[in-house]
Amino acid sequence: MFTGIIEELGEITAVERSADAARVTVRGPLAVSDARHGDSISVSGVCLTVIDSDAESFTADVMAETLAISTLDDVQPGRRVNLERAAQVGDRLGGHIVQGHIDGTATVLSVTDGSAWRVVRLSLDPEHAPLVARKGSIAIDGVSLTVSEVGGGREDGWFEVSLIPETLAATTLGDRVPGDRVNIETDILARHVERMLALEPAAFGAALSERSSS
């Protein structure tokens, strides 16, 4: 589990591709300072397992499913990535519960600078639209953020996040421009509610009605 508070900006240094997988090496001295074989590290929102490491870098395998739904499908050496080690029991939860199991990608639609912040508008696929709510939490490339606005319908939805200077400087989000793809992970609670509604919509609705009337 992660919190979405980025610890370090890393860099992809090597990529080995096979027919349906890839092996990536990532430079991140802080991330590997206490890394062991089998540890989890979030790489721009994707939870990867350390299979090898040294004082500067770690290597991880990326399976076909992850390549299919994330921006790691076209990753190349030199790309900067957001890194976060797995949370420890007793850590402060500065962001929100982030699993590193992304839902897919979104496209940056527009970037608007304010006096001390930047508003980024991103696309919402139909399957993700019901899971994103104004003032709710979302992880973009592993960064825990609050949704500042949502709009459009299920087929043409979008959402916005407002980035403070610290986020712009400490993560890759400061480099994002219209047309860029980013990894998104919706809130785990929203995903559970969606699943419950899909399985037992009538029972779930009745439970909510009973709770509201009590």
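I start with the burial scale: buried means under 20% relative accessible area, exposed means over 50%, and partly exposed is in between (1.4 Å probe, protein chains only). This is a predicted model, where local features need pLDDT of at least 70 and side-chain atom pairs count only at pLDDT 80 or more, while totals for chains, interfaces and linings use all residues. Residues are numbered from 1 along each chain as its sequence is written, and side-chain values use heavy atoms, with hydrogens and water left out.

**Entry 1: the barrel**

I traced the strands, taking helices (H or I, at least four residues) and strands (E, at least two) as DSSP runs numbered from the N terminus. Two strands pair if DSSP finds at least two bridges between them. Six strands form a closed barrel in the order E1-E2-E5-E4-E3-E6, with antiparallel pairing. Neighbouring strands of this sheet are turned by 45 degrees against each other on average, direction ignored; axes here are lines fitted to C-alpha atoms, for helices over the stretch in contact, and angles run from 0 to 180 degrees between N-to-C directions. Zooming in on one pair, I found E3 and E4 antiparallel over four bridges. Ser-42 stands opposite Cys-47 in E4.

**Entry 2: the cores**

For a nonpolar core I used buried Ala, Val, Leu, Ile, Met, Phe, Trp, Tyr and Cys residues joined through side-chain atoms within 4.5 Å. The largest one has 21 residues, and those with the most contacts inside it are Val-26, Leu-48, Phe-58, Leu-72 and Leu-83. At least two residues of this core come from each of E2, E3, E4 (46–53), E5 and E6 (80–85). There is also a second, separate core of 20 residues, with Ala-106, Leu-124, Ala-129 and Leu-173 among them.

I then listed what Phe-58 touches, with contact meaning heavy atoms within 4.5 Å. Leaving aside neighbours within four places in sequence, the contacts of Phe-58 include Val-24, Val-26, Ile-41, Val-43, Val-50 and Leu-83.

Thr-59 is in strand E5 (residues 57–62) and is buried at 13%. What does the side chain of Thr-59 make a polar contact with? The partner is the side chain of Thr-25, at 3.0 Å. My polar contact is a pair of N or O atoms within 3.5 Å; within protein, one must be able to donate a hydrogen and the other to accept it, and residues adjacent in sequence count only if both atoms are side-chain atoms.

Is Ser-33 buried or exposed? Ser-33 counts as exposed because its relative accessibility is 51%. I placed Ser-33 in the loop between E2 (22–27) and E3 (40–43). Its side chain reaches the backbone oxygen of Leu-30 at 2.7 Å, and a 3.4 Å polar contact joins the side chains of Ser-33 and Arg-85.

Asn-183 is in strand E12 (residues 181–186) and is buried at 1%. A polar atom of the Asn-183 side chain lies 2.8 Å from the backbone nitrogen of Thr-71. Not counting residues up to four places away in sequence, Asn-183 touches Ser-44 and Asp-141, among others.

I checked the backbone of those two. Ser-44 has a positive phi of about 50 degrees although it is not a glycine, and so does Asp-141. Ser-44 is in the loop between E3 and E4; Asp-141 is in the loop between E9 (137–140) and E10 (143–151).

**Entry 3: charged pairs**

I searched the whole structure for salt bridges and got 14, the cut-off being a side-chain nitrogen of Lys or Arg within 4 Å of a carboxyl oxygen of Asp or Glu.

- Glu-56 pairs with Arg-27, closest N and O atoms 2.8 Å apart. Glu-56 is partly exposed at 36%, and Arg-27 is partly exposed at 40%.
- Arg-181 pairs with Asp-74 at 3.9 Å. Arg-181 is in strand E12 and Asp-74 in the loop between helix H1 (64–69) and E6, 107 residues apart.
- Asp-175 pairs with Arg-80 at 2.4 Å. Asp-175 lies in the loop between helix H2 (165–170) and E12 and Arg-80 in E6, so the pair ties together parts 95 residues apart in sequence.
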